[in-house]
Amino acid sequence: MPNSRTTAHAGQNRRHPSATRSDPNPRHVRDAEVRIDAAAPGVDLAPIWASMGYDEINYTYRPDGKKLLNSIGEFSPQPFHVRPHYMFCSGSGWGQPHWGNGNVYHEDADGNPFYDFTLLDETYDAITGAGHHVLVELGFTPKDLVPEKAVFPVLSSPTVYSAYEQGLWSFPPKDYGKWAGLCAATAAHVLERYGAEEVSTWVWELWNEPDIFYWRGTPQQYYDLYTVTVEAIRGVLPDARVGGPSVTGGDDGVEFLRGFLKHCKATGTPLDYVSFHTKGSAFTPWRTYGPIGAPAPVQESPSAVKMLFEVDRLLAVMDEFPEYAALPALIDECDAGVPAHHSAYDNPNFRFQNTEYYPVFQAKLMKKLLDLSAAHSDNIEQATTWSFYFEGERYFEGTRSWTTQGGIEKPLMNAYRLFAKLGQRRLPAVSDRAFPIDDLSGREYGMPEEVDALASIADDGTVTALVWRHGDDQYAQDPEPTAAVLAFTGLAAGSYTATEYRIDADHSNAHTVWEALGSPQDPDADALKAIHARQGLETVGEARTVTAEGGALRYETALPLPSVSLVVLEPR
């Protein structure tokens with residue numbers, strides 16, 4: 001992949017764009033054909049989307065948190081791995097955006113450790129009770145393990161807690177032995193509570209993004225703590241999957257990952273997977289502090305190209321180490337923008353998190369990540385959406401979340417319903433209007449508009465094609481739909497029942513219904529009924545019988561901008 005792995009080739013001023021600028025002259029796709037070979041051997045379709053995470057660990061066991069976890073568990077054939085932040089932070093169990101605490105570690109007056117698993121039990125009970133598994137993020141430093149000399153200045157204010165909440169938790173623990181004891185005690189506790197069969201599915205990870213402000217120590221201090229942590233977890237769970245270092249996709253993350261892999265190689269420290277993150281945009285400014293309803297000062301959008309660029313670089317670092325190149329890669333924060341708790345009221349560019357743009361972006365991203373994985377060692381295992389829900393939101397606040405006020409499902413959730421309907425084997429799907437991933441150099445306007453597809457076949461012969469029309473520019477508009485043809489060959493049955501599920505402005509979209517009702521912040525019962533009625537997956541027309549002649553079938557559809565359809569062909 002030329003020109004994709006170093007920032008020297010990443011665009012203007014040797015920098016990769018932090019977000020996509022709105023293109024004043026967008027190129028629209030007027031027609032497209034996707035060729036799908038249903039008779040091809042295919043390859044296993046890795047469900048990389050079956051993973052989620054969030055900062056607000058204490059929201060997990062709230063009623064709306066449990067409801068959301070159960071809703072996902074009901075439609076997904078794969079359990080999700082769920083990764084909350086702040087499990088070891090000290091606190092009262094009170095959660096707020098971008099903060100939480102499991103409050104596990106304590107010391108008595110003589111400095112002897114003891115543990116309280118009350119909040120962690122509630123958290124993991126909610127996750128496993130919904131049929132999911134835990135990605136245990138071992139972080140961060142409990143108050144009693146903060147180094148005495150750690151300093152984090154805080155202005156006295158009733159709107160903040162203290163220096164601990166503001167940043168002392170991000171210093172390396174003062175006693176690595178006590179930290180090891182905490183990790184071992186946690187492993188022993190969950191083994192007893194949830195049993196060996198369940199805990200064998202869990203993933204264990206040290207810290208989060210230690211190449212930035214989450215870690216206020218040196219890289220070597222992290223590397224050494226990783227070795228201590230693996231020994232502690234494996235001492236209780238010999239077969240535990242342990243890894244890291246969950247770095248960001250920036251230049252510092254690349255160097256941190258390289259140093260981490262060198263450390264593991266030199267010391268022989270076990271490493272079961274490699275984790276890292278990518279974000280599609282950092283809007284400028286993040287917060288506008290403008291009047292409610294004011295337009296964005298600069299129209300910006302997420303960049304799928306930026307995300308693929310970062311993932312490609314980090315996979316390339318793994319490729320430098322033959323012993324680690326083929327390890328599973330967990331992109332356990334894989335998001336269109338940061339931070340999750342900023343909303344359309346902070347910066348209107350975050351509005352995309354309410355609209356049909358976002359689920360289509362996710363469909364496109366997952367397919368491109370699978371392509372990128374195949375270009376390396378075919379080892380991307382998870383692409384985690386850092387999304388959950390937020391207490392106290394207004395309706396359609398615009399945060400990165402699955403649901404909004406009142407438990408109303410946002411269009412994003414329907415993307416994951418579409419993923420859940422894909423089959424077990426991936427089929428070749430070649431579009432004549434797809435954006436290739438062989439040049440991921442900096443692009444001011446992000447990924448241009450395309451039509452592309454991800455196709456699959458199930459064990460019962462059902463063929464599915466996820467096809468979309470999308471460009472990174474959320475402000476691009478086109479009143480004309482694209483005429484798209486899915487040209488299937490190699491179909492085994494003579495006839496099929498064809499169903500087309502769709503997400504666009506007029507389908508599977510509670511947000512546009514809410515807007516049509518005047519964007520009420522106190523909707524009455526009739527308005528809520530109308531909104532809830534449109535929040536799930538909807539079809540384009542009715543299911544119908546289609547005939548394959550000589551194994552061939554041409555399926556035609558019209559794709560607005562943006563939109564995604566899942567065409568399902570069930571043998572009759």
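**Chat about the model**

A: Start with Pro339, which sits in the loop between β13 (329-335) and α8 (357-375); helices (H or I, at least four residues) and strands (E, at least two) are DSSP runs, numbered from the N terminus.

Q: What's the peptide bond from Val338 to Pro339 like, cis or trans?

A: It's cis, with omega near -10°. Most residues other than glycine have a negative phi, and most peptide bonds are trans.

Q: Before more of that, what am I looking at?

A: This is a predicted model, where local features need pLDDT of at least 70 and side-chain atom pairs count only at pLDDT 80 or more, while totals for chains, interfaces and linings use all residues. Residues are numbered from 1 along each chain as its sequence is written, and side-chain values use heavy atoms, with hydrogens and water left out.

Q: OK, how many helices and strands does the protein chain have?

A: The protein chain has 11 helices and 26 strands. Its radius of gyration is 24 Å, close to the 25 Å that the globule rule gives for 572 residues, so the chain is as compact as a globular protein of that length. That radius is taken over C-alpha atoms, and the globule rule is 2.2 Å times the number of residues to the power 0.38. The C-alpha trace spans about 80 × 55 × 50 Å along its principal axes.

Q: And what share of the residues is buried?

A: Buried residues make up 59% of the 572. Buried means under 20% relative accessible area, exposed over 50%, partly exposed in between (1.4 Å probe, protein chains only).

Q: How about contacts between residues at least 6 apart in sequence: what percentage join residues at least 24 apart?

A: That's 80% in the protein chain, with contact meaning heavy atoms within 4.5 Å.

Q: Which residues have the most contacts inside the largest nonpolar core?

A: Tyr124, Leu138, Trp204, Phe276, Leu369, Tyr416 and Leu466, in a core of 134 residues. Apart from that core lies another, of 27 residues, among them Ala465, Val467, Val546 and Leu559. A nonpolar core here is a set of buried Ala, Val, Leu, Ile, Met, Phe, Trp, Tyr and Cys residues joined through side-chain atoms within 4.5 Å.

Q: Let's zoom in. What does Trp204 touch?

A: Leaving out residues up to four places away in sequence, Trp204 touches Val136, Leu138, Ala187, Val190, Val199, Ile233, Leu237, Ala240, Arg241, Val242, Gly243 and Tyr273.

Q: Switching to helices: at what angle do the axes of α1 and α9 cross?

A: The axes of α1 (residues 63-75) and α9 (residues 411-420) cross at roughly 30° and come within 9 Å. That makes α1 roughly parallel to α9. Angles under 35 degrees count as roughly parallel, over 145 as roughly antiparallel, 65 to 115 as roughly perpendicular and the rest as oblique. Axes are lines fitted to C-alpha atoms, for helices over the stretch in contact, and angles run from 0 to 180 degrees between N-to-C directions.

Q: Which residues make that contact between α1 and α9?

A: From α1 it's Leu68, Ser71, Ile72 and Phe75, and from α9 it's Met413, Tyr416, Arg417 and Ala420.

Q: What's phi for Trp207?

A: Positive, about 70°, although Trp207 is not a glycine. Trp207 lies in the loop between β9 (203-206) and α5 (219-236) and counts as buried at 0% relative accessibility.

Q: And Ser508, what's its phi?

A: Near 55°, a positive value in a residue other than glycine. Ser508 is in the loop between β22 (495-503) and α10 (510-516), and at 0% relative accessibility it counts as buried.

Q: Last one: is His85 buried or exposed?

A: Buried, at 1% relative accessibility. His85 is in the loop between β5 (81-84) and β6 (105-107). Not counting residues up to four places away in sequence, His85 touches Tyr54, Asp55, Ile57, Glu137, Phe140, Asn208, Tyr214, Glu333 and Trp386. The C-alpha atoms of His85 and Val136 are separated by 8.8 Å, with the two residues 51 apart along the chain.
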